[in-house]
Every structure is written in structure tokens, then in C-alpha cells.
Protein chains: 2
Amino acid sequence: MSHPPTLEFWFDPASTYAYLSAMRIEAEAASRGVAVRWRPFLLGPIFKAQGWNTSPFNIYPAKGRYMVRDIERLVEARGLPPFRLPVSFPASSARPARTALIAADHGMIAPLMRNLFTAAFAEGRDIAAEATLSQCLAEAGAPDPVTMLAAAGEDATKDRLRSETERAAGLGIFGAPSFIASDGELFWGDDRLGDALDWAAQL
Amino acid sequence: MSHPPTLEFWFDPASTYAYLSAMRIEAEAASRGVAVRWRPFLLGPIFKAQGWNTSPFNIYPAKGRYMVRDIERLVEARGLPPFRLPVSFPASSARPARTALIAADHGMIAPLMRNLFTAAFAEGRDIAAEATLSQCLAEAGAPDPVTMLAAAGEDATKDRLRSETERAAGLGIFGAPSFIASDGELFWGDDRLGDALDWAAQL
């Protein structure tokens, strides 16, 4: 085999549990010889098809309060900075997701997303703001963030993100993070990252 | 300390993920020196307050299909029998939950629930049926299942289950299984059983 096994990592940049996976997936995949394909999409249209007009963590307050506490415990156990929920939750994730698609074309989606997730959930910043996106791109090694942000705003990129979201729905994805192995096996949630990588590794 | 640390295990007898926890919680608790208090309640009224008239696994088909596959993988990994979804899902769980309350009074709630969960999710049987309840009680060591089932049907037992469900909602419980340590710390889902036991053990 000339290609390593691959796992698709489907995420919405506004997802708190996708943040947890983003911070560890590359190291955990590398230790199993698995390559990661980062695939941004939008939960909004998928939630809308389920009749939700915002995050379930907002619609169901007990679930939302629990999620915050759960993430607080998990970041502490993993040595990540204290958790912060951005003032506006969920963030408007279309622009960050389109920027991630452009970053993928330049081979820098993983560092960009680690920077954006950290900005959102360790610093409470607005990841839809141009200043945040520009700084996170620069710190990911982008030589020209302005041009990349312009590309992210083009109609072709918007179409691409729409296609990705439709593809996610077609694959049975209903939340984030989701992981899909090359045989189509679907795993949902940061809690399943290890199982998903183990599955991908043995294909 | 004369009393061991305790973890409350809140479950609805119709919950698939509570099944997974029920089959392992006593062994995992014992290995940490933690005592388990089994606390049956009904998800129905809690879901209803969230605007759901049935299980979210029925309301959201992609989530329901994923749940079945997820449980299939987990039971295989844990050496449990192949998973079966009962013909009627979720089961009507009021009668099983009331029977569990009576079984708790007789110190046999853990074996009763392992029997009922196995009947439901390994054998696809109807756990609201008298024959299933009676057999599961007998196999749990009940000398007189008929008298226990009669007690389960009394108004006092119905009131007790209603109180327990209200108490669950008051504790912030929104799904099952849920685990609550003696300091009030809440953990949701079979995936958090180990964390919940570790938390309880260090109090």
C-alpha cells in the first residue's frame, strides 16, 4: 500500500466538541499511521432540517449547561486552557468554514483550525471577525491572509461549502465532530475519536 | 469513613445507553470501592418538557440509525450479545421503572435491571409485559414476583416514580444514563461512567 489509511474529520468551526477533537486528532492519528482529511461543513442547515433554528445547547438549557461543565472537565484533564464560551454562541461559522476550505488548498487547514478553535473556546473571540481569521491564518503560516480571505468570500467557495454540507447530510451526519472511515463507517462525537482511528487503521 | 463513596445511577428502563452502563456499573464501581445507588426515573416527562413526544432516536432518524450502529459496535467490543431493538421502541417504561423501585426495596434492583435490559436489548422482548417482568424478577431471586408486581402497581409506587422523575429534572438531568456524585457533580452518558466513578471515588 502506498497510501496510508485515511479518516475524514467532519467539523463545524462553531462546535465545542469538534474543538476537543481538533486539538488531538493529528497526534492520535499519527500514532496509528492514519492520515486525517479535515472536512469543514455547516451544522446550521442540518439542524434546520431537524427543525432547530440554533444549537441544541441553546434550545435545551439543561443540555447546554451540562455541555459547558463537561467541556470544562475535559479541557482540564487534557491540559488545554480553561474553557470559554464565546459571547455569541454558536458562532457564525460560514466564513470560518470557507476560510478553512481555502486553507486546505494550501495545506494549512489543521494549524488554522487549531488556531481558530483556540481563539473561540480558550479566548472567547469571534471567529467570524476578519481580524481573528486574518491573525489565525498568519499564525498558521499563511504568507498572504488577505488574498486567502478574498478567495474564501468568492461564490465558488460558497458553492463548495454548500456542496460539502449536502454531502455531510447524505453521509448520515447529524452532528459534529463526525468521523468517516474509507469504508463509510460513521462515528459521532469526540468520545469516538479513538474508536474511529482504530477502525480506519485496520482497513 | 464507615460509608463507601456512592454514585447515583439514574436510568430509564427503555434507554439503550443505560443498558450498556447497567451491564458493567457494579463491577467497575466495585473495583474503585464505590457503592452504586440505582435510581429509576422516566425520560418521557423530561422529553415532553423539551417538546418531544417520543425518543429523539425516533424524532431524528439519522440519529436513530447511528445509535443502533453505535450500540452494535459497543456490545461487540464488550462481549455482550448482539443488539436487538425491541419491536416497540422506546418501550413503555413506567411499569418496569415502578417494578425496579419495589425491587430496590428488596435489594434486588441490580440483577432485575440486568435481566430486563437483556430481555429488551439482547432478546427484543417487551419489558412492559407482565410475563417478562415476572420472569426477570424470578431470575433475580424474587421469591414472590406476583406480590412485587402488585406493589409496583399501587398508587403509592406511581407517586414515588413521579417524585423521582421530578427530582431528576430538578437535578438537571436531561437524558439517560446520568450519574450524580455525592457533591452533585453530574455526568451524562455511558461514555462518562468511568469519569463519574473516578470523581465519586475521590470525594
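This is a predicted model: local features need pLDDT of at least 70, side-chain atom pairs count only at pLDDT 80 or more; totals for chains, interfaces and linings use all residues.
Tutor: The expected span of a helix is 1.5 Å times one less than its number of residues.

Student: What makes the reach of helix H6 of chain A close to the expected one?

Tutor: Helix H6 of chain A runs over residues 94–105 and has 12 residues. The rule gives 16 Å, and the reach from the first C-alpha to the last is 17 Å, close to that expectation.

Student: Why is H6(A) called mostly covered?

Tutor: A residue counts as buried under 20% relative accessible area. Nine of the 12 residues of H6(A) are buried. Among them are A:Ala94, A:Pro96, A:Arg98, A:Leu101 and A:Ile102. The cover of these buried residues includes strand E2 (35–40) and helices H7 (109–121), H8 (130–139), H9 (145–152) and H10 (155–170), which belong to chain A. Just after H6(A), A:Gly107 takes a positive phi of about 70°.

Student: How do you know that the span of helix H5 of chain A agrees with the rule?

Tutor: This helix (residues 61–78) has 18 residues, which should span 26 Å at 1.5 Å a residue; the end C-alpha atoms are 26 Å apart, so the two values agree. The buried residues of H5(A) include A:Lys63, A:Tyr66, A:Met67, A:Arg73 and A:Leu74.

Student: Against which elements do the buried residues of H5(A) pack?

Tutor: In chain A they pack against H1 and helix H4 (56–59), and in chain B against helix H5 (61–78), strand E4 (186–188) and helix H11 (193–201). Just after H5(A), A:Gly79 has a positive phi of about 75°.

Student: Why is the pair of B:Phe11 and B:Trp38 called edge-to-face?

Tutor: Ring centres must lie within 6.5 Å for a pair, and planes over 60 degrees apart count as edge-to-face. The centres of B:Phe11 and B:Trp38 are 5.7 Å apart and their planes stand at 80°, so the pair is edge-to-face. B:Phe11 lies in strand E1 (residues 6–11) of chain B and B:Trp38 in strand E2 (residues 35–40) of chain B; at 27 residues apart, they link distant parts of the chain. Both B:Phe11 and B:Trp38 are buried. The structure holds 36 aromatic pairs over all chains.

Student: What makes A:Arg73 a charge over the ring of B:Phe187?

Tutor: CZ of Arg must be within 6 Å of the ring centre and within 35 degrees of the ring normal. A:Arg73 lies over the face of B:Phe187, at 3.8 Å from the ring centre. In turn, the charged end of B:Arg73 sits over the ring of A:Phe187, 3.8 Å from its centre.

Student: How do you know how the two copies are related?

Tutor: Chain B can be laid on chain A by a turn of 180° and a shift of 0.0 Å along the axis, with an RMSD of 0.0 Å. The copies are thus related as by a two-fold rotation axis. In chain B, the C-alpha nearest the axis belongs to B:Asp191, 3.6 Å from it.

Student: Why are the copies said to meet through the same surface?

Tutor: Of the interface residues of chain B, 95% are also interface residues in chain A, so the copies meet through the same surface.

Student: Is A:Ser21 buried or exposed, and what is its relative accessible area?

Tutor: Buried means under 20% relative accessible area. A:Ser21 has 0%, and is therefore buried. This residue is in helix H1 (residues 16–22) of chain A.

Student: What makes the link between the side chains of A:Ser21 and A:Asp190 a polar contact?

Tutor: A polar contact needs a pair of N or O atoms within 3.5 Å. The side chains of A:Ser21 and A:Asp190 make such a contact at 2.7 Å. Beyond its neighbours within four places in sequence, A:Ser21 is also in contact with residues including A:Phe9 and A:Pro177.

Student: Why does B:Thr165 count as buried?

Tutor: The cut-off is under 20%. B:Thr165 has 7% relative accessibility, so it counts as buried. B:Thr165 is in helix H10 (residues 155–170) of chain B. Not counting residues up to four places away in sequence, B:Thr165 touches B:Phe41, B:Leu42, B:Pro45 and B:Ile46.

Student: What is omega for the cis peptide bond of A:Ala176 and A:Pro177?

Tutor: Omega is about 0° for that bond. A:Pro177 lies in the loop between H10 and strand E3 (178–181) of chain A. In chain B, the peptide bond from B:Phe89 to B:Pro90 is cis, with omega near -5°. B:Pro90 is placed in the loop between H5 and helix H6 (94–105) of chain B.

Note on methods: Residues are numbered from 1 along each chain as its sequence is written. Chains are lettered from A and ligands numbered from 1 in the order in which they are written. Side-chain values use heavy atoms; hydrogens and water are left out. Helices (H or I, at least four residues) and strands (E, at least two) are DSSP runs, numbered from the N terminus. Buried means under 20% relative accessible area, exposed over 50%, partly exposed in between (1.4 Å probe, protein chains only). Contact means heavy atoms within 4.5 Å. Rings of Phe, Tyr and Trp (its six-membered ring) pair if their centres lie within 6.5 Å; planes under 30 degrees apart count as stacked, over 60 as edge-to-face and the rest as tilted. Copies are superposed by least squares on the C-alpha atoms of residues with pLDDT of at least 70 in both. A polar contact is a pair of N or O atoms within 3.5 Å; within protein, one must be able to donate a hydrogen and the other to accept it, and residues adjacent in sequence count only if both atoms are side-chain atoms.
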